[in-house]
Amino acid sequence: MEQKNAVNPSARPAAPAAPKAAPAAKSSGGASLFAVLVIVLGFIISLLIYKFVLGDPSHFLGNNPENNPKPGDYLGIVYKGGVIVPALMTMLLCVITFSIERALTISKAKGSKSIESFVRGVRQKLNTNDINGAIALCDQQKGSVANVVRAGLKKYQEMGRETTMATDQRVLAIQKEIEESTALELPMLEKNLVIISTIASIATLTGLLGTVFGMIKAFSALAQAGNPDATALATGISEALINTALGIGTSALAIVGYNFFTSKIDELTYSIDEAGFSIIQTFAAQHGAKGQES
């Protein structure tokens, strides 16, 4: 009976851990809704721009969108890219929107000050065993990195008052707390990046699809009996080149954005690992002797 009573108290604290998944699930649902809204609104805006801006009659000879664009009128030239143009414009708008959203989120995750100076300050406070001072730095810094470090420092204080556990067990408890806090923060940093990476892959393919449609029109004009339709031939080639350019440009922008934000997230992760390592090593150094004596 005594063994059962000893096990149950240690199992009770695990129960409150379940609600931690609720904010993550709620955040994930909000992120999915935001992504859907961006894509739908981007498509609607692209259609409106394609129809009423690019397809405005003033861009074409004789004020007729069926005719060739006026010389040097690039809006009319892009309109001649055909039905694939709105899809490519939607992808471009999504890349721009999600890039801005990721930039704001990652900037907020960094906190109010430089990450390097924050981690350096926390390490200095740990070296002087000023845990409350380190927590105060986290409160000033804010952001995802500070949240993880703060959780580790709170666990540091809790394990410092714990006398029934061995040092190794207390160190593992601190490490587990830091890992759990990191697992809760990282999804917020990485959400919507999968959309950018997907656009980077399919934008070029969509552009090539438009290129194929344009070349089909061009060769259909060549296949006519008698004199080929020069206008239809030029329109088909123009459609092919415009879609190729839009697809490659959108894909290149998405690749640059994805790699940029991934590198920024890696920097934050490295800062979290560095601060977490300092917390664990400091605790092991300052409480190792006590743990061995007990």
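Predicted model: local features only at pLDDT ≥ 70, side-chain atom pairs only at ≥ 80, totals over all residues.
# Notebook: helices, rings and buried spots

I started with a count: the protein has 10 helices and 0 strands. (Helices are DSSP runs of H or I with at least four residues, strands are runs of E with at least two, and numbering goes from the N terminus.) Written along the sequence, the pattern reads α-α-α-α-α-α-α-α-α-α.

**Whole chain**

I looked up burial next. Of the 294 residues, 37% count as buried. (Buried means under 20% relative accessible area, exposed over 50%, and partly exposed in between, using a 1.4 Å probe and protein chains only.) Then I checked contacts, meaning heavy atoms within 4.5 Å. Among contacts between residues at least 6 apart in sequence, 73% join residues at least 24 apart.

**H5 against H6**

How do H5 and H6 pack? Helix H5 (residues 115-127) and helix H6 (residues 131-141) sit at an angle of about 165 degrees, and their axes are 8 Å apart. That makes H5 roughly antiparallel to H6. (Axes are lines fitted to C-alpha atoms, for helices over the stretch in contact, and angles run from 0 to 180 degrees between N-to-C directions. Under 35 degrees counts as roughly parallel, over 145 as roughly antiparallel, 65 to 115 as roughly perpendicular, and the rest as oblique.)

The crossing of H5 and H6 is left-handed. (Left-handed means the near helix is turned anticlockwise from the far one by less than a right angle; right-handed means clockwise.) On the H5 side I listed Ile115, Phe118, Gly121, Val122, Lys125 and Leu126, which meet Ile131, Gly133, Ala134, Leu137, Cys138 and Gln141 in H6. Sorted by class, this contact has 8 nonpolar, 3 polar and 1 charged residues. (Ala, Val, Leu, Ile, Met, Phe, Trp, Tyr, Cys and Pro count as nonpolar, Asp, Glu, Lys and Arg as charged, and the others, Gly among them, as polar.)

**H5 against H7**

Then I turned to H5 and H7, which pack at an angle of about 10 degrees with their axes 11 Å apart. H5 and H7 are therefore roughly parallel to each other. Ile115, Phe118, Val122 and Leu126 of H5 make the contact with Val145, Ala146, Val149 and Leu153 of H7. The class tally here is 8 nonpolar, no polar and no charged residues.

**H7 against H8**

H7 and H8 pack at about 160 degrees, with axes 9 Å apart. That makes H7 roughly antiparallel to H8. I noted the handedness too: H7 passes H8 in a right-handed crossing. The contact includes Ser144, Lys155 and Tyr156 of H7, and Arg170, Glu177 and Glu185 of H8. Its residues divide into 9 nonpolar, 6 polar and 4 charged.

**Aromatic pairs**

How many aromatic pairs does the structure hold? I found 5. (Rings of Phe, Tyr and Trp, its six-membered ring, pair if their centres lie within 6.5 Å; planes under 30 degrees apart count as stacked, over 60 as edge-to-face, and the rest as tilted.)

One is phenylalanine 34 with phenylalanine 98, an edge-to-face pair at 6.0 Å centre to centre, with 75 degrees between the planes. This pair links distant parts of the chain: phenylalanine 34 is in helix H2 (residues 21-54) and phenylalanine 98 in helix H4 (residues 84-110), 64 residues apart.

Tyrosine 156 lies in helix H7 (residues 143-161) and phenylalanine 283 in helix H10 (residues 230-293), so the pair ties together parts 127 residues apart in sequence. Tyrosine 156 is buried at 3%, and phenylalanine 283 is buried at 0%. I also spotted an aromatic cluster made of Tyr50, Phe60 and Tyr79.

**Two single residues**

Serine 99 lies in helix H4 and counts as buried, at 17% relative accessibility. Leaving aside neighbours within four places in sequence, serine 99 touches Ile196 and Phe261.

Threonine 167 lies in helix H8 (residues 167-190) and is buried, with a relative accessible area of 10%. The C-alpha atoms of threonine 167 and alanine 284 are separated by 7.0 Å, though these residues are 117 apart along the chain.

Key. Residues numbered from 1 in each chain as written. Heavy atoms only, no water.
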